[in-house]
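Biologist: Hi! I have this one open on my screen and would like to go through it with you. Could you start with how you name its parts?

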Amino acid sequence: MLLAACGKERAAPPPQPAPKVETTAPAGAFKPKPSATLAAVKSRGWVSCGVNPGLPGFAFADDRGTWRGFDVDICRAVAAATLGDAKAVRFTPVEAADRFEALRSGKIDVLSRNTSWTLARDAGEGVDFAAITYFDGQGFLAPKSLNLTSADELNGARICVQRGTASETNVEDYFKARALKYTPVVTNTEAEARALYQAESCDAFTADVSALASARSVMNSPNAHVILPTVISKEPLAPVVRQDDPAWTDIVRWTVNALILAEEVGVNSKTAAELAKSSVDPRVRRLLGAEGDFGPLLGLRRDFALQAIIQVGAYDEVFARNLGAQSALNLERGHNALWNAPIPGLLYAPPAR
């Protein structure tokens, strides 16, 4: 009391915490930049899609000039999602060596051409990979008469491989790592490699296993050739878009995801329309546009996924008719089965919520 009376100052109060500042924008406040590619697609009325010039099961023109195949259907789904019409797409055949330039130059809007997602391509080509549509791996096709059981038995062989593909580098790495010798027979196209192999100008043909199955299906005597059990790489195949339009990347990505999610929740081309009206499953309702405004977040209609599914099909339908039991290739789902299938695969899509 005496000190206070003499005028000694009281201790300063402790500092108060600064008022909390909200750093997260309220829901719906973020406005993404509209897709220039989508604007161009809507203006012209069709999607420009780059595809393999001819790979049965994935992309090929039939006797009437109609394009068919797994990669073709991915583009049709994008057209259905963006324009409401799966037929509003034009296909441009592109070779492996020219595919990324065709995309960067604006010649095509999306590349749907059995293209592996790799670091060098993702970071060094000015492109983005939207979503994995097919999990593949590189293998070897050889005459059954050779009775081979492994690629390691190809020491000293002549091996046909297509220029400008991941296969060219993979086969070199595989043989070098095992101190094996081989002679590469490099071709410009898959068709050329297949022709040289059939003419016995090489002893084996290497490419993605799915491409080998496709090539074998159109050979003179398909049963005379076997795909060896050796798989030497991971090849996640994905549609590719330009890196400068992230909104378009999202559109292609979520179109693919919608097909995968449709299979997961039991929706297909025959049931989608009715389920959009009657389903009480929130996952189904969100996917088909009956609940929420997810389409507008992409710059699309609420029913963008519904249109893709009705007009093209869920993932299992697309796979079956082009690559699976309903096709000449008759490939098993394998790694391309859903993550929660009885025999699980790798196929997995983020939730639509």
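Predicted model: local features only at pLDDT ≥ 70, side-chain atom pairs only at ≥ 80, totals over all residues.

Biologist: Good to know. Is alanine 151 buried or exposed?

Modeller: Alanine 151 is buried, and its relative accessible area is 0%.

Biologist: Which residues is alanine 151 in contact with, leaving aside its neighbours within four places in sequence?

Modeller: Those would be Phe140, Tyr174, Phe175, Leu228 and Thr230.

Biologist: And how far is alanine 151 from arginine 302?

Modeller: Their C-alpha atoms are separated by 50 Å, and the two residues are 151 apart along the chain.

Biologist: Which strands does strand 8 pair with?

Modeller: One is strand 11, residues 204-208, in the antiparallel sense over 4 bridges. Another is strand 12, residues 225-227, also antiparallel, over 3 bridges.

Biologist: New topic, then. How many cavities of 30 Å³ or more are found in the whole structure?

Modeller: The search finds 2.

Biologist: What lines the largest cavity?

Modeller: Its lining has 20 residues, and Asn114, Gln162, Thr165, Ser167 and Asp208 lie nearest the centre. Strand 9 (157-162), helix 6 (166-177) and strand 11 each give two or more residues to that lining. Strand 11 supplies the largest share, with 4 residues.

Biologist: How does that lining divide into nonpolar, polar and charged?

Modeller: For the largest cavity, there are 6 nonpolar, 8 polar and 6 charged residues.

Biologist: And which residues line the second largest cavity?

Modeller: Asp71, Ser112, Arg113, Asn114, Thr115, Thr133, Leu237, Ala238 and Pro239. They divide into 3 nonpolar, 4 polar and 2 charged.

Biologist: Now backbone angles. Which residues other than glycine have a positive phi?

Modeller: Alanine 179 is one of them, with phi near 55°. Asparagine 330 is another, with phi near 50°.

Biologist: Where are those two placed?

Modeller: Alanine 179 is in the loop between helix 6 and strand 10 (182-187), and it counts as exposed at 67% relative accessibility. Asparagine 330 belongs to the segment after helix 14, which runs over 315-322.

Biologist: Last one: which residues does the UniProt domain annotation cover?

Modeller: An unreviewed UniProt entry gives "domain: Solute-binding protein family 3/N-terminal" for residues 46-275. In the model, that span is 34% helix and 23% strand, and its end C-alpha atoms lie 28 Å apart.

Biologist: Great, thanks for the tour!

Methods. Residues numbered from 1 in each chain as written. Heavy atoms only, no water. UniProt positions renumbered as here; feature names shortened; annotations may be inferred. Pairing = 2+ DSSP bridges. 1 Å grid on protein atoms, 1.4 Å probe; cavity = no way out; pocket = protein on both sides within 12 Å on 5 of 7 lines; lining within 4 Å. Points joined across faces, edges and corners; volume = space filled by probe spheres on them. Nonpolar A, V, L, I, M, F, W, Y, C, P; charged D, E, K, R; others polar. Buried < 20%, exposed > 50% of the residue type's maximum accessible area, 1.4 Å probe, protein only. Contact = heavy atoms within 4.5 Å.
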